[in-house]
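Visitor: Hi! Could you walk me through this one while I have it open?
Guide: Happy to, let's take a look together.

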Amino acid sequence: MKIAYYPGCTLKNRARDLDRYARETASALGCEFEEIPLWQCCGGAYTSAKDEIATKLAAVRALAAGRDMGGRVVTVCSACFNVLAQTNREFLVNPDFDFKVNNYLKGDPAYHGEASVVHYLTLLRDEIGFDAVKARVTNPLKGKKIAAYYGCLLLRPSEALAFDDPEDPSVMEDFIRALGAEPVNYSMRNECCGGYLTLEDREAAKKRSNAVVRSAAENGADFMITACPLCMYNLTKNADEKIPVRYFTDVLAEAFGLKEGAAE
Amino acid sequence: MQVNEQTGFVPTIVAFCCNWCSYAGADLSGTNRLQYPANVKIIRVPCSCRVNPMFILRAFGRGADGVILCGCHPGDCHYTTGNYYTRRRMTLLCSMLDYLGIERKRTRVEWVSAAEGAKFAKTMRSFAEEIAALGPNRRLEDLRVRKSEPEGRVPDAE
Amino acid sequence: MRKIGVFVCHCGTNIAATVDVKAVAETLGREPSVVVSEDYPYMCSESGQNLIKDSIRDYGLDGIVICSCSPRMHENTFRKAAASAGLNPYMVEIANIREQCSWIHKDKAEATEKAILLGKAAIAKVLLNTPLIAGESGVVKRALVIGGGIAGIQTALDIAEAGFPVDIVEQKPTIGGKMAQLDKTFPTLDCSACILTPKMVDCAQNENIKIYSYSEIESVSGFVGNFTVKIRRKARYVDETKCTGCGLCTEKCPVKKVPNEFNLGLDNRRAVYIPFAQAVPKIAAIDADYCNMLKNGKCGLCSKVCTVGAIDYKQEDTFVEERYGAIVAATGYEIADVSRYGEYAYNQSKDVVTSLELERLMNAAGPTGGTLLRPSDGKHPHTIVFVQCVGSRCTPDKGKPYCSKICCMYTAKHAMLIREKYPDTEVYVFYIDVRTPGKNFDEFWRRAVEEFGVHYIKGAVGKISPRPDGTLDVQGSDLLMDEQLHISADLVVLAAAIEPSKTARSLATMLTASMDTNDFFTEAHPKLRPVESPTAGIFLSGVCQGPKDIPETVAQASACAAKVIGLLSKDKLKGNPCVAHSDEMMCNGCSNCANVCPYGAITYSDKEFRMPDRTTKTRRVAWVNPAVCQGCGACTVACPSGAMDLLGFSNSQIMAEVDALCR
Amino acid sequence: MNDLKDRVVRMSGSRVERCMRCGKCSATCPSYEDMEYHPHEFVYLVERGDVEKLLASESIYKCLTCFACVERCPRGVEPAKVVEAVRLIAVREQGKNRLKPDDLPALTDADLPGQALATALRKYAK
């Protein structure tokens, strides 16, 4: 299976592991990530204002490329997923947006929300299947207690993203189980890490990261996994309590034995 | 009154409403003072299935520009199955009108319950808007019975 | 030439403010065949009606048109007035110039023009009206009550008291409904069971009442005064005539882990069970989903211990068919699913419960024997948080758009009872508004605050987080303090929205009774006919019509009974004369009409006709039974030869209206 | 309806009049403590047409756009979108960028992902 892949900027510098292991594990599962040519930054954040058009055009170009490359775009970064999925949704609910965007882009053919946006996690859940993942695991993470951290970008707004239950998600927990580890359920897994506020008001952002990490630690997590480079930054840099935070693709690669000198 | 701003065309619209659901829904929209254009004139029938396709053709023949038929929601018919007959009959009628070259939008079937006053008003507003935009019905109008050039109607361009 | 009278009502200013009533009367008065056209401030008043009656006599009118409110409002009033002046009541037509004209338009010229047009259409129709005489039909002197909660019980008892036989159909093995599950009732704090169970026993002992428990409605046919209902009596695998309710089987049954629905799954029952001690009828039932004998033929213990041989594993569903004059829907309510509001962690913590679950946790017959203990660890909770409006007052995509009405009061009751019994417990209530209209209701919740020290917080709960130490972190807002707060709670109680019973929708379809968008039954008139469905012969009792508390339910149940008694005490009912009618000369006997008739009102017979050449010919022709026809008109459209027509809404009448409106 | 209110309503698409003042958004908000005006007050002040107060407040920069309030609001009011619209009106004004590209080097460290910079510029600058 081939699928159009939108990596996003951060995966090309600060979060290279997130990108590399995503491709490698996908390929181990028989799925080839085909990078969208000439993709541009999604903008990092989706602006909900109805009169913001220009800031969403890069995402539309990626979506149109996805349509032409088989109809789907897969992302790994939570932020890219959020921006692409919300942008795509706007075409379906807001004809005015569709009209203005196509006026700008003059794409041929025009784009009307035909592509679908999937996250690597939902691809694993819905198409590859966690059973296939489990079967491929050579290095099960037995005895590890892993806290899945969803944050906001994967879950909300749920109507546009249709990723998982925004209050009681389970895809990452099922993922953890497939790798042979034990998921830790903690209530802050779907609360914000502080996000971009870390630039504007680091102290305020710290409170958020602390609350998340404390909740995971309190419930006995050995380490946390995330799909978002900014969550990774906030949870490791801002939280006073220190537990390791890893990308889910990193952990997946380890379980598949794809990491050199895999842990233990 | 719904008027086409550009041409000054004032459409005539006939709404057939079943006594149990949509007529009561129309009453409710009145009780709640929810406005809809005065072009819409309602004819009460016991059930939407009482509406013979001939009535609709007659309305078009006599110069109606749009006809809307409202009944209870499927499954809620006071007579159990009446609105299912309506649905089938109207599908046939609409495809025949389509074949005759009559704009599809001139006829509409809507399900409005007795509790949906707001839906009734909204439906009538949008229908009147559509018909005003479509312009006068010419293809089915029986010119022999046209009494006079009614006020507000756009005279033939030709 | 017919002589038509037109009467234009001002309805005070309701019509007159937006419609120039004088102009309407004047214009319509100039229509051919209109001999008198009058306007009057209130046509429905006695003097207004007298004006109509006098005109009918003075001018010898053949038909009248009233331009007024909706025919759904006063058609009957004016028909009666016409009849008393010697005019056939079906020679009256109404032009609805209030609900469908003056109330929805603002421009006086527009509204007046439309009113005139509606009046002309009504004149065009009435010119083609024919005098109709309503047929009569008998009344079966027996009522059916569907649902055996407090609403159904009260309605049945009142009907039975008046001397009419009445059957209760209840889907559970016992009557009693939700009220049987409650601990105390507001605002008097009476024990719920103590006031309910005597009524349940009355039902069982009243010779006019027959209870079909563990039964469901299979089909309904017929019409007011003469319904035929098929009742499915589900197999309970226990012979009702033999079982004495001793309960020995329920003690010996080896299948012990069946969630007990009476206690909302907070404890377990056996596979053979009697729902609760005061059940009526007190007869055991076997749960086929769990019974080993029924599942795989291995066990049979209950049969061995039963001293009267009542257990019958071979029992099957049986059907009863009965005729009724009136049917009462009393299907009650259920608790809406709160797990969709994931922020309350209902699915994640056993210590987040609904208010109905709390009723069981506080009830002496409940899983904890009446001591309030946490479901998770059986410990006494010291801090309890109540959350109001869970799933009520939402936009329709997020929950129920209505206020569930009873939650403010039962929450005050719970808070008060807990503070009284366990003074060491702190109780917090998050509320949006406290809505306590009702006799002694506001005083009641004030007592909760003033005498019992319950902390009411104006705000909402945003998130409930179960902590590893077993507490629940409740994050909420206090809008009066303008702060966000955290309460470490041991138990959280959600005041879940109530919703109509899931069975109500399919029942409404069988009864052809209408429902609103929330699946509550619609009443015939929201103010003036609140206990009747628009479908004749169907009556509404209790929460199936809308949220209400016990006193209101009982009041409505009795009102409903009064309406049923009123119907059953008649010997004959006037039917609807607007029925289908076939012209034998035109009928070609094709059967199309009979095929679409939902009532089976059309039959065929061979009839001899004299032909023009004086020969006779036998033809097959349709005949409509006017007592069975309900007047929907489906047959009139199906008829290819135009033989079938509907009296009161004939082809020519509707065409005349169309012509008048289209001009 | 005054101009500013009109703009906020149009940009956000939020139906502020639907608010029943339950306080769910403020019960939910992770940034509550750091705000002068809280989500429910944003909605209320916009409904009242008092947008200036909000424009002048630091609160508009504290919202994390985490959308928890949007998700949990029982009336579909979408407070986060209201906050975003008010903030955009503030930063779109000439010279009112909250964050300038020149400020960035001082705020960054070696581990900060590019995503954070892109997002922050989107949120705080025009």
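**Chains and their contacts**

Guide: Let's begin with a pair that stays apart: no contact joins chain A and chain B, and their closest C-alpha atoms lie 17 Å apart. Bear in mind that this is a predicted model.

Visitor: Okay, and how far apart are the nearest C-alpha atoms of chain B and chain D?

Guide: They are 16 Å apart, and chain B and chain D do not touch.

Visitor: Then which chains share the most contacts?

Guide: That would be chains B and C, out of four pairs of chains in contact.

Visitor: How many residues does each of those chains put into the contact?

Guide: Chain B supplies 46 residues and chain C supplies 44. On the side of chain C that touches chain B, the elements giving two or more residues are α4 (98-102), α5 (108-126), α17 (634-638) and α18 (651-662) of chain C.

Visitor: Which element gives the most to that side of chain C?

Guide: α18(C) does, with eight residues.

Visitor: And what classes of residue are on the side of chain C that touches chain B?

Guide: There are 20 nonpolar residues, 14 polar ones and ten charged ones.

Visitor: Switching topic: what does the secondary structure of chain A come to?

Guide: Chain A has twelve helices and eight strands. Its C-alpha trace spans about 55 × 45 × 30 Å along the principal axes.

Visitor: What does the radius of gyration of chain A agree with?

Guide: It agrees with a compact globule: chain A has 18 Å, and a compact globule with 264 residues would have a radius of gyration near 18 Å. Of the 264 residues in chain A, 54% count as buried. Also, among contacts in chain A between residues at least 6 apart in sequence, 75% join residues at least 24 apart.

Visitor: Nice. How is chain A divided?

Guide: Into domain 1 (2-121) and domain 2 (139-255). The C-alpha centres of these two domains of chain A lie 23 Å apart. Their contact takes 18 residues from domain 2 of chain A and 20 residues from domain 1 of chain A.

Visitor: Which elements give two or more residues to the domain 1 side?

Guide: Those are α1 (16-28) and α3 (78-93) of chain A. The largest share, seven residues, comes from α3(A).

Visitor: And how does that domain 1 side look by class?

Guide: The side of domain 1 of chain A that touches domain 2 of chain A has ten nonpolar, six polar and four charged residues.

Key. Residues numbered from 1 in each chain as written. Chains lettered and ligands numbered in written order. Predicted model: local features only at pLDDT ≥ 70, side-chain atom pairs only at ≥ 80, totals over all residues. Contact = placed C-beta atoms within 7 Å. Helix = DSSP H or I, 4+ residues; strand = E, 2+ residues; numbered from the N terminus. Nonpolar A, V, L, I, M, F, W, Y, C, P; charged D, E, K, R; others polar. Domains from an automatic or database assignment. Rg over C-alpha atoms; globule rule 2.2 N^0.38 Å. Buried ≥ 20, exposed ≤ 12 C-beta atoms within 10 Å, placed from the backbone.
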